Amino acid sequence: MPSASTVLGSFARATRASVRLSSLALVSLALACGDSTTPPPGTRDGAVDTTDRDGDGLCNETEGARMTNPDVVDTDGDGWSDLWEILAATDPLDATRPDRAFVATLRENAGADLVVPVEVEVSAAGEDYSGAFEAEAIQDPLGQTAASYFLDAIATFAAPNDNVAFVDTDGEAFRAVVGRTLLGFELRFDFAGERADCARAYPFRYTVKRSDGILVASRRILLVVLPEGGSVGVTPWCVPASCR
Ligand SMILES: [Ca+2]
Ligand SMILES: [Ca+2]
């Protein structure tokens, strides 16, 4: 584990780019991400049509099935390619999806790091609460998930602080919580792999459970990985070797 000063330094660097999550926003995310099915590739006479006119990685027939434009990489013009909206289970026909409040960006700079704060409000009666990171499996052309970039998560603060008997920082847990309390966590990511020089997005969840096993919160966030100096809408998205 890094020293406290390292963690604080990481947090300070990440504050500008980090996302702050609320229960209300979680509801909108759940609505946004309701469609989590990956469409079957188009087939004709039993064979996959591997024609991909716009080169976005989605075969023409798949684009037809999903009602995306087979001649436009980004049908809704929101900067996210049709392929990656489908891989990340957002809506390629709705420019407000994915909700930018639930997107965190990591860059391919050597040693680059990112801290994503997650806050959860609970009404407690002496229970413990603990968080857990979970990467979602997607059909990534690079064979990666959010776990490829995840370092660790910690418990950071409780407000009011007196409502918690003990903050188990490294254990991502709060012990003996009473009353209405805001629990703070931080998730740390870094880039230490090979550069891909294209944009990609990896969904993950951070869940918080009560000591009796009750799920208190499940936050779904998209980790976008961009080349150094890249930006969504400008940097080309990664494409698979053959369309899907
Ligand atoms: Ca296509
Ligand atoms: Ca789009």
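The chain holds four helices and nine strands. In sequence order these follow the pattern α-α-β-β-α-α-β-β-β-β-β-β-β. The model is predicted, with an average pLDDT of 85 for the chain.

**Confidence**
- A pLDDT of at least 70 is reached by 80% of the residues.
- Over residues 1-44 the pLDDT stays under 50.
- For residues 1-44 the model has 64 contacts beyond four places in sequence.

**Burial and contacts**
- The chain has 244 residues, and 36% of them count as buried.
- Among contacts in the chain with a separation of 6 or more, 65% are between residues 24 or more positions apart.

**The largest nonpolar core**
- In soluble globular proteins, nonpolar side chains tend to be buried together.
- The largest nonpolar core of this model has 52 residues.
- The members that touch the most other members are Phe174, Leu183, Phe185, Leu187 and Leu223.
- Two or more residues of this core come from each of these elements: α4 (82-87), β3 (103-107), β4 (113-135), β5 (150-159), β7 (173-190), β8 (200-210) and β9 (215-226).
- The element that gives the most to this core is β4, with nine residues.

**Around Phe185**
- Phe185 is one of the core members that touch the most other members.
- Leaving out residues up to four places away in sequence, Phe185 touches Val118, Gly131, Ala153, Ile154, Ala155, Thr156, Glu172 and Tyr206.

Notes: Residues numbered from 1 in each chain as written. Chains lettered and ligands numbered in written order. Core = buried A, V, L, I, M, F, W, Y, C linked by C-beta atoms within 7 Å. Buried ≥ 20, exposed ≤ 12 C-beta atoms within 10 Å, placed from the backbone. Contact = placed C-beta atoms within 7 Å. pLDDT = per-residue confidence, 0-100.
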